[in-house]
Every structure is written in structure tokens, then in C-alpha cells.
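Here's a quick briefing for anyone meeting this structure for the first time. Take a look, then read on.

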Amino acid sequence: MSAALWGLLFPLLFVAGAVALARTIGSLLRLLDGAVVARVPARSGERLSVPAGRYDLCIEGRTFSADFLGVRYALHEADGGAPILVHRKYLSRTKVSGISSTRVGTGWFELARDCELSLSVEGMSPKAQQRASIVVQRPIGAGIAIRVVALVLCGCATIGGLVGSVHAWLLP
């Protein structure tokens, strides 16, 4: 292939990779925002309306804080007080981190019918309760994994297109 053809193909690869990268990031952000069913402050007595289905239970707080160390929390049906069995996650925890906050999936539960849940929290300081939240979200582990692979591939295409363009245009 001639250098002129490579000089055309690599910039196209760079542009395609950059566009795909931006779209994948947008898709990941929409997935994270759309998965949240309920978010309440991490205080006892808070109520969550949750439809029937399988959900992940997450804690959300400041990045690099110790707000949740030693904290015990539970969910109960608001009307009858029956406890909701929350299965702990050990191997497949999801973690979403930003600059100021981090959300970690700690367990999952399943509801056979729509119900209102009551939150019980023990061992958290009042100051930490103001900063922290309990989040109920739809399971998104597989969606995150697919988008991470897509991010890596799009990033490789973008970098490869940039390096190839420089090589084709500047180096004989």
C-alpha cells in the first residue's frame, strides 16, 4: 500500500476511534444513571419504594473515606417489619468511583412483589450519615464489563490512528 493511502486510513481510524470512545463513555454513564432505583441517606428509618425484581444493594460515600467501616445495615419491609434477606457479594462486587464519591455493591436481594422498605443503620456517625447514601440499583456488572472492553478497544483504535497518522505523514 502506498504512503498516501496509509496517510488517509490512519486519520480515519483516529476519528472513528475517538467518536466510538465518546459514545461508549456516554453509554457507560447512561447505564450507571439508569440503573439506580432508589437512593436514600444512610440513616435508620429512611424508606425506599422498590418494585418486584432482583437488585444490588450499594453503599455510596466519599472517595477514600472510612465512613462505612464497622457499619451494619439492614432492610425490612416497612409495613410488617419482616427482614429482607441480603446476600453478600464477595467476588463480583461492582465499584463505581468518581472524584468525590464512590459506589460499591455489597450485596443483592430479590423481591417477589412491589414493596416499601425501611432502612436500619447502626455504627455510623451522624456526620457520616449526612455524606453517605444507600443505593438500590438493577444489576449492571455484565453491562459494565462489556463497556470496559469496548473502552479499551476504542482507546487502542484512537491511539493507533494517531500514531499511524504521525508515522505516515511525518516519517518517510
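Arg103 sits in strand β7 (strands are DSSP runs of E, at least two residues, numbered from the N terminus). With 9% relative accessibility, Arg103 counts as buried (under 20% relative accessible area, 1.4 Å probe, protein chains only). This is a predicted model, where local features need pLDDT of at least 70, side-chain atom pairs count only at pLDDT 80 or more, and totals for chains, interfaces and linings use all residues. Residues are numbered from 1 along each chain as its sequence is written, and side-chain values use heavy atoms, leaving out hydrogens and water.

**Arg103's partners**
- Its side chain makes a polar contact of 3.2 Å with the side chain of Glu60 (N or O atoms within 3.5 Å, one able to donate a hydrogen and the other to accept it; residues adjacent in sequence count only if both atoms are side-chain atoms).
- The Gln137 side chain also has a polar contact with that of Arg103, at 2.8 Å.

**The nonpolar core**
- The largest nonpolar core has 26 residues (buried Ala, Val, Leu, Ile, Met, Phe, Trp, Tyr and Cys joined through side-chain atoms within 4.5 Å).
- β8 gives the largest share of this core, four residues.
- Leu48, Phe109 and Leu117 have the most contacts inside this core (contact means heavy atoms within 4.5 Å).

**Cysteines**
- The disulfide count is zero (a disulfide needs two cysteine sulfur atoms within 2.5 Å).
- Cys154 is in no disulfide, and its nearest cysteine sulfur, from Cys156, is 9.3 Å away.
- Cys154 counts as buried, at 12% relative accessibility.

Notes:
Buried means under 20% relative accessible area, exposed over 50%, partly exposed in between (1.4 Å probe, protein chains only).
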